[in-house]
Amino acid sequence: MNNYDDDNDGNVDCEDADCFGQVFSPDGRVCLYGGSGSEQGSANCSDGYDNDGDSYIDCYDSDCSDECGINTVSGTGITHSPENTSFSLTGDVTISGTATTIIRKGGDLYVSYSYSGGDLGGITIVLGSYSTGEVIDTNVFDVSNAEFVSNPDSFSIDKTYASDGYLTFSSSGISSFYFQIRIPGKGVLDESSTIKSTAEIGTNTASGSFNTEVVNNQSPSIDVLEIEPSTGKLTVQDKIQVIAGNFTGYSGGQSNSGGEGRCRIQITGPNGFSIDEYRNDCKSSNNNNYKVTSSGTYSVSITPYDNTGNAGAIKSDSISLSIAPKITFGIGRADIKRVFMASSNDEFDSFEDEYNSYSGTMLATFETDANNAFTSNSCTATIWDESGNFVSSNYVTADLRNNGQEVVCVVDSDLSGISSDGLYRVTVNATDSQSYSLKTSELVFFNCNDLTSAGDTWNCSLADFDVDGYTEGIYLPFRYDDGTGTLTSFACDSCPGATNLGKDADGDGFDNVCDPICGDGYVEGNEECDDGNTENGDGCSSNCRLEEDEEDEDEGGGGGAAEEEEEEEEIIEEELEWMSAYPDPIEVQIRQGQTKTKTFIIKNNLDEPLSLEIDYSGVLERFMFINKEDLDIELEPFESREISMEIFAKEDDSPDVYEGQITVLSNQGIYSLNMFIEVKAKEALFDVETTMVDKVISPGQDAVAQIKITDIGDLGRVEADLYYDIRDFENNTLAYANETITINGNATFVRAFNIPENVTKRDYLFYSKVTYEGLIATSADSFIVGDIEGTILLWLIALILLLLILIVIVIIYRNNFYEMWKGIKYKMHTE
């Protein structure tokens with residue numbers, strides 16, 4: 001497992017079927033057939049691994065719901081606690097009362113009466129009305145065992161008709177009273193029912209009623225508790241994941257049902273590991289508190305609650321986890337600061353940086369279990385050549401941190417074993433005290449002793465030995481200050497080993513520290529020649545420019561280059577006249593595992609038939625398919641044809657922007673149709689959207705983009721890495737920048753690059769990438785570098801034409817209206 005296509009079949013590591021069954025992770029996980037992009041099936045849902053890379057393991061992953069038989073909490077909790085309500089008996093007198101209107105299953109009915117209005121003489125109160133049928137339900141309550149529970153105040157209870165559902169209370173010669181009775185429940189549910197009560201005081205009467213309801217008193221419970229990974233294998237800083245399912249504890253369909261239950265999740269583990277939180281879905285949150293750092297036993301307890309706070313039986317389990325080390329910061333293009341080396345020069349004999357103005361080296365960081373440790377001999381760096389031949393392996397500096405639990409390998413390996421220029425690969429290994437060994441992915445670097453040497457996959461003219469941003473061998477855009485302000489120009493670094501200042505006092509396009517000295521006999525920087533003097537007329541002028549012969553000037557020889565450029569522009573224009581395509585560029589946004597259909601239109605602009613051959617090999621080929629019959633087509637004069645494409649992204653395709661070109665070939669020439677595909681993560685915690693402020697940019701102006709970041713996973717306030725660049729559709733980067741940003745919820749940033757004056761006018765992409773804890777979201781938007789004035793002129797012409805059309809319509813309308821009015825007047829006159 002080396003992040004490399006060893007057999008050149010287009011598949012890397014676990015994507016290659018040849019790797020099926022091989023271990024690819026230090027915690028023992030193996031490659032599954034068809035790649036590591038599926039978390040479905042009985043095998044993948046019980047292997048203890050995050051097979052689809054969404055950070056969810058086995059039963060904790062919703063893709064495994066059917067396999068694991070877990071239904072997460074969706075049931076309702078009991079809505080009401082036991083409640084009392086007031087009622088009154090009204091008529092010739094008023095007697096107040098209270099009754100239990102909401103009763104839990106198995107609970108008792110309590111009813112009370114009170115009066116303080118003066119001498120009543122004799123009084124009789126009846127609970128339950130036989131005549132209206134509004135009695136106490138004897139199926140729900142044990143009426144015959146009713147009893148006083150407080151202050152009978154000389155009242156007596158008559159249960160003669162208890163079997164019919166009503167009771168009689170009587171007293172004589174009282175002026176005030178209060179008493180309460182209890183009627184035992186039978187543990188039976190009851191929908192809402194009405195109970196009527198009456199009172200007689202001499203010839204005076206009063207009556208009133210109340211409703212009562214018996215609801216379910218079932219304690220909430222959970223049937224399933226899963227701890228992931230169930231196999232006990234994790235790498236350090238991975239997360240333990242807990243899910244409880246098949247939640248019960250709802251109100252049995254009563255009219256007052258509703259609300260949602262929840263669970264309290266408690267986890268304890270070694271070295272003070274502790275979790276205590278409430279979750280409505282009975283599923284542990286995906287935050288960093290669940291990261292584990294030590295091997296040992298982790299105990300889990302989950303308590304279910306209904307929404308009234310009624311707790312059910314605790315569900316408990318434990319698991320013993322063996323924590324393997326992991327790479328927390330592996331070497332990569334953002335981590336190696338010096339991509340170009342020179343083994344022939346002692347100044348460039350290692351990966352360490354030699355320049356005081358630049359701090360930073362090639363690093364790789366590893367972390368192991370708190371019970372293990374790294375040592376000073378844990379780090380080695382190994383170098384291979386482009387063909388995979390071993391070059392060297394050396395111990396490198398091990399910066400031990402956190403009591404040896406973490407090591408930063410500082411790659412300062414000697415390059416003396418490298419003799420020839422070319423492309424090389426380097427990896428870093430770290431081994432802990434338990435003999436766990438980790439290896440980073442391979443990183444490419446270039447050895448360049450000769451700036452003119454090049455190969456199929458490398459070019460030493462791109463070398464930037466001193467990492468100051470200015471290449472030693474070719475012109476690239478850079479910003480400089482001529483004393484009046486910051487400008488953008490093209491330059492190359494003519495003095496490797498000296499850090500450029502970013503200042504150009506003489507305006508020649510070269511940094512002050514790199515300005516050549518004309519007349520020193522060395523052709524440097526922008527010098528066309530240097531013959532050792534500053535005299536004119538000897539073929540090399542006083543400012544080191546080539547001088548032309550008078551004979552050549554008379555014959556017009558000096559115009560050859562300009563004529564060639566004009567001819568080249570004419571050829572390009574002719575190539576673009578014979579056909580056109582729309583849209584250009586083609587933009588596609590797709591998620592992992594998704595398939596889309598996209599179309600584009602090509603048109604024959606000639607007055608003769610046109611034979612076309614369409615080719616989409618290269619980067620785009622892995623994401624799209626065009627039917628064979630659409631690859632070789634014949635177009636009649638001025639005919640248009642719609643071409644359909646199937647766009648697809650595999651589950652394990654990395655989220656990124658992939659740009660390329662669809663090539664259309666004919667005997668008239670070659671037409672390149674630009675296209676880019678944004679692959680979005682299937683389950684993302686955040687998303688990125690890049691939008692150009694202006695879609696057409698003139699050379700010399702700023703290309704400004706709005707980068708909008710949407711927090712999907714409720715991350716809160718976090719720091720992330722933002723990378724953005726301008727690139728063309730041929731994988732060339734015009735400019736780039738990196739920075740650390742703070743995101744708190746959704747955020748929008750505006751970033752810009754200046755477009756050089758002499759940049760090629762064509763389509764470009766403004767690309768942005770946000771990285772947070774290994775998660776990546778990317779986006780891009782296209783724009784054109786061209787002549788804005790020409791575009792504005794076209795709009796003005798179109799607007800003038802539109803106004804002329806409106807004027808003509810108004811004139812015609814006025815003439816017609818005038819003729820019609822003359823006719824009406826004539827008719828009126830004749831009548």
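Student: Is Phe753 buried or exposed?

Tutor: Phe753 has 10% relative accessibility. Buried means under 20% relative accessible area, exposed over 50%, partly exposed in between (1.4 Å probe, protein chains only). So Phe753 counts as buried.

Tutor: Quick housekeeping: this is a predicted model, where local features need pLDDT of at least 70 and side-chain atom pairs count only at pLDDT 80 or more, while totals for chains, interfaces and linings use all residues. Residues are numbered from 1 along each chain as its sequence is written, and side-chain values use heavy atoms, leaving out hydrogens and water.

Student: Which kind of aromatic pair do Tyr724 and Phe753 form?

Tutor: Rings of Phe, Tyr and Trp (its six-membered ring) pair if their centres lie within 6.5 Å; planes under 30 degrees apart count as stacked, over 60 as edge-to-face and the rest as tilted. Here the centres are 5.3 Å apart with 45° between the planes. So by that rule, the pair of Tyr724 and Phe753 is tilted.

Student: And how many residues apart are Tyr724 and Phe753?

Tutor: Tyr724 lies in strand S42 (residues 717-727) and Phe753 in strand S44 (residues 747-754). Strands here are DSSP runs (E, at least two residues), numbered from the N terminus. The pair links distant parts of the chain, 29 residues apart.

Student: Is Tyr724 buried or exposed?

Tutor: The relative accessible area of Tyr724 is 8%. So Tyr724 is buried.

Student: What about Asp615: buried, partly exposed or exposed?

Tutor: Asp615 lies in strand S33. Because its relative accessibility is 32%, Asp615 counts as partly exposed.

Definitions and conventions: Helix = DSSP H or I, 4+ residues; strand = E, 2+ residues; numbered from the N terminus.
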